[in-house]
Amino acid sequence: MCAVTSPRDDDGVGAAVRQALSVSVATGLYGVSFGALSVAAGLDVAQTAALSLLMFSGGSQFAFIGIIGAGGAGAAAIATAGLLGARNSLYGVRMAPLLGTAGWRRALAAHVTIDESTAVGTAQATPVATRAGFWWTGLGVFAAWNAFTLLGALLGDSLGDPGKYGLDAAAPAAFLALVWPRLRGGRAGRTARFTALAAALVALALTPVVPAGIPVLAAAAVAIVVGWTGAGAAPAGAGRPGPGGPEPT
Amino acid sequence: MSPYTMTWLAILAAAAVCFALKLLGHLVPEHWLADPRVARTAALVTVALLAALVGVQTLTTGHHLVVDARVPALAVAAGALALRAPFIVVVVAAAGTAAVLRALGM
């Protein structure tokens with residue numbers, strides 16, 4: 001997705017806003033599956049809506065309901081959601097100097113600092129277009145994500161057995177799509193692929209013997225060892241959102 | 001405390017943690033997180049968590065390793081991703097595959 005600049009739009013704001021709106025609609029539609037999966041995992045409609053309103057980070061939300069749905073402890077769900085949300089800190093570091101906000105606006109900017117808003121914002125050529133791209137994407141995705149989460153939760157509530165519709169396969173497919181763009185590339189991609197394989201094997205090996213939620217957390221330890229000891233170059237997209245690829249909140 | 005209340009508390013705590021992490025990025029001086037090891041580790045932690053979730057949600061039920069309709073569904077999802085299909089197509093194709101296989105009795 002690249003910003004097309006028309007001759008009448010020399011500051012790039014119009015292109016940034018159009019890009020923001022298309023990203024918002026695409027991401028919002030994916031909110032339907034989050035809403036349906038959340039009620040399938042045993043949360044009610046209000047809890048599902050609260051996650052999208054207050055947590056507002058797709059990867060963290062899917063992980064949270066996955067662990068609660070598997071019978072995991074609240075602490076494991078909180079820790080996993082937090083670890084998956086840690087990349088938003090790095091996005092904030094990048095966006096803060098570009099936005100130049102303070103006070104309540106800074107708090108609002110923080111809340112809508114996600115993969116999409118950072119990707120659209122940093123893809124723009126001028127400072128004013130960067131700010132427009134970030135805010136329109138952040139607030140647009142927020143509106144669409146919450147509206148479609150509610151729709152999905154209400155639909156999911158009336159569907160019955162989620163397995164009949166393959167919804168239990170939709171969740172791992174969504175995670176695979178989230179991780180996919182991070183596995184591409186040469187040396188950095190190899191490190192990421194090795195980490196992914198090791199993490200999945202560790203989690204599967206631990207599943208029969210430890211409480212639910214712990215296997216996924218243990219997999220994070222694999223990454224911390226690999227990352228901190230520098231067993232490879234920085235993976236594609238280190239500290240920045242993927243430029244293309246399907247990579248929702 | 002009821003499980004329902006516990007879930008609410010976990011939701012509020014996890015949301016607070018996620019917001020605090022976002023705000024932290026906006027507040028800390030840039031050089032604090034400039035160490036390349038921080039960026040590399042954060043990116044790999046994301047990869048590891050997502051890969052572990054793929055494995056656990058495809059191949060386990062409770063504490064048991066299970067092979068069922070989710071495995072071919074994930075293979076279809078991987079095929080769609082290799083063909084650069086949009087996110088929603090990947091998810092719907094996987095769900096549709098599992099739904100059809102279950103309707104056929106798998």
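**View 1. Chain A has 11 helices and 0 strands.** Helices (H or I, at least four residues) and strands (E, at least two) are DSSP runs, numbered from the N terminus. This is a predicted model: local features need pLDDT of at least 70, side-chain atom pairs count only at pLDDT 80 or more, and totals for chains, interfaces and linings use all residues. Residues are numbered from 1 along each chain as its sequence is written, while chains are lettered from A and ligands numbered from 1 in the order in which they are written. Along the sequence, the pattern of chain A reads α-α-α-α-α-α-α-α-α-α-α. Of the 249 residues in chain A, 61% are buried (20 or more other C-beta atoms within 10 Å of the residue's own; exposed means 12 or fewer, partly exposed in between; C-beta atoms are placed from the backbone). Among contacts in chain A with a separation of 6 or more, 74% join residues 24 or more positions apart. Contact means C-beta atoms, placed from the backbone, within 7 Å.

**View 2. Helix H9 of chain A is mostly covered.** H9(A) runs over residues 167–179. Buried residues number 13 of its 13. At 1.5 Å a residue, H9(A) should span 18 Å, and its end C-alpha atoms are 19 Å apart, which agrees. The expected span is 1.5 Å times one less than the number of residues.

**View 3. Chain B meets chain A.** The contact takes 87 residues from chain A and 67 from chain B. Elements giving two or more residues to the chain B side include helix H1 (3–27), helix H2 (36–59) and strand S2 (64–65). H2(B) gives the largest share of that side, 23 residues. By class, the chain B side has 48 nonpolar, 13 polar and 6 charged residues. Ala, Val, Leu, Ile, Met, Phe, Trp, Tyr, Cys and Pro count as nonpolar, Asp, Glu, Lys and Arg as charged, and the others, Gly among them, as polar.

**View 4. H11(A) packs with H2(B).** Helix H11 of chain A covers residues 214–229. The two axes lie 8 Å apart, at an angle of about 150 degrees. H11(A) and H2(B) are therefore roughly antiparallel (over 145 degrees). Residues that meet include A:Val216 and A:Trp228 in H11(A), and B:Leu44 and B:Leu53 in H2(B). This contact has 17 nonpolar, 2 polar and 2 charged residues.

**View 5. B:Leu53 lies in helix H2 of chain B.** B:Leu53 counts as buried because it has 30 C-beta neighbours inside 10 Å. Leaving aside neighbours within four places in sequence, B:Leu53 is in contact with A:Ala63, A:Gly66, A:Phe175 and A:Val216.

Methods:
Two residues are in contact if their C-beta atoms, placed from the backbone, lie within 7 Å. Axes are lines fitted to C-alpha atoms, for helices over the stretch in contact, and angles run from 0 to 180 degrees between N-to-C directions. Angles under 35 degrees count as roughly parallel, over 145 as roughly antiparallel, 65 to 115 as roughly perpendicular and the rest as oblique.
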